Amino acid sequence: MTPALPTVTDETVTAWALAAAAGDHEAVDRFVRALQRDVRRYVAYLADDVQAADDLTQDTFLRALTALPRFEGRSSARVWLLSIARRAVADSLRRAACRPRTACTDDWQAAAERAQPTGLPGFDEGIALRELVDSLPGERREAFVLTQLLGLPYAEAAEVSRCPVGTVRSRVSRARTALAECVADETAPAHPLEGAAA
């Protein structure tokens with residue numbers, strides 16, 4: 001099993017971002033390495049497309065590195081970067097809506113199955129958890145992912161989501177309740193929460 005990466009504090013990441021903005025190339029590398037995994041997980045959930053996560057992560061960092069000289073550290077670099085990631089996903093979804101993609105294969109199901117990662121630990125549990133989290137309405141899912149999976153404080157999650165802190169707390173609380181009910185009720189439908197209010 002791969003050991004967990006060491007946690008880097010927001011203060012350290014923000015200091016790297018400020019140093020990178022001043023032209024420190026080593027700080028740029030540390031900044032990208034420290035936040036790459038968080039950004040990838042976040043865009044994968046927002047876009048609901050694991051296959052597009054690498055492209056969206058790259059797009060996010062390209063935008064961030066272009067804007068980095070203007071970063072002043074008013075909020076943490078992590079929050080600033082996740083806000084950019086949110087815009088990158090929104091732009092990607094708008095482009096996809098204007099230009100639908102087509103699959104150039106007769107057996108698209110087999111192609112999709114071959115594209116999935118294999119050999120990961122806890123695969124069955126991971127699928128079950130992903131389905132449960134995916135069953136949450138979009139705004140609750142985003143709040144849950146930001147605070148419970150990425151570990152952002154509620155105040156920073158509120159800044160990323162552009163809503164009050166109390167709203168984030170409420171969404172996370174409702175998401176936890178809904179997930180607990182789904183786990184307890186084995187006879188629940190696959191997507192029991194669709195259409196629920198955020």
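Here is a short chat about a predicted model.

Colleague: Let's go to helix 1. Which of its residues are buried, and how are they arranged around the axis?
Modeller: Helix 1 covers residues 10–21 and reaches 16 Å from its first C-alpha to its last, close to the 16 Å expected. Its buried residues are Asp 10, Val 13, Thr 14, Ala 17 and Ala 20. Looking down the axis of helix 1, those residues fall within an arc of 120°, so they line one face of the helix.

Colleague: Which residue just after helix 1 takes a positive phi?
Modeller: Look at the stretch that follows helix 1 in the chain. A phi of about 110° turns up there, and the residue that takes it is Gly 23.

Colleague: Where is Arg 162 found, and is it buried or exposed?
Modeller: Arg 162 has a phi near 60°, which is a positive value in a residue other than glycine. You'll find Arg 162 in the loop between helix 8 (154–161) and helix 9. Its relative accessibility is 59%, and the cut-off for exposed is over 50%, so Arg 162 counts as exposed.

Colleague: Which residues of helix 9 are buried, and which exposed residues sit on the face turned away from them?
Modeller: Helix 9 has 20 residues and reaches 29 Å, close to the 28 Å expected at 1.5 Å a residue. The buried ones are Val 168, Arg 171, Val 172, Ala 175, Ala 178, Leu 179 and Cys 182. They fall within an arc of 135° seen down the axis of helix 9, so they line one face. The face turned away from that buried side carries the exposed residues Glu 181 and Ala 184.

Colleague: How are helix 7 and helix 9 oriented to each other?
Modeller: Helix 7 (residues 138–149) packs against helix 9 (residues 165–184) with the axes 8 Å apart and an angle of about 95°. Angles of 65 to 115 degrees count as roughly perpendicular. Helix 7 and helix 9 are therefore roughly perpendicular.

Colleague: Which residues of helix 7 meet helix 9, and what is the contact like by class?
Modeller: From helix 7 come Glu 139, Arg 140, Ala 143, Phe 144, Thr 147 and Gln 148. Among their partners in helix 9 are Val 168, Arg 171 and Leu 179. By class, the contact has six nonpolar, two polar and five charged residues.

Colleague: Is Asp 38 buried or exposed, and what is it in contact with?
Modeller: Asp 38 is found in helix 2 (residues 25–47). Its relative accessibility is 12%, so Asp 38 counts as buried. Leaving aside neighbours within four places in sequence, Asp 38 is in contact with Arg 78, Leu 82 and Leu 150.

Colleague: What separates the C-alpha atoms of Arg 37 and Leu 150?
Modeller: Arg 37 is also found in helix 2, and at 44% relative accessibility it counts as partly exposed. Arg 37 and Leu 150 are 113 residues apart along the chain, while their C-alpha atoms are separated by 9.4 Å.

Key: Residues numbered from 1 in each chain as written. Predicted model: local features only at pLDDT ≥ 70, side-chain atom pairs only at ≥ 80, totals over all residues. Heavy atoms only, no water. Axes fitted to C-alpha atoms, helices over the stretch in contact; angles between N-to-C directions. Helix = DSSP H or I, 4+ residues; strand = E, 2+ residues; numbered from the N terminus. Parallel < 35°, antiparallel > 145°, perpendicular 65-115°, else oblique. Contact = heavy atoms within 4.5 Å. Nonpolar A, V, L, I, M, F, W, Y, C, P; charged D, E, K, R; others polar. Expected span 1.5 Å × (residues − 1). Buried < 20%, exposed > 50% of the residue type's maximum accessible area, 1.4 Å probe, protein only. Arc of directions from axis to C-beta.
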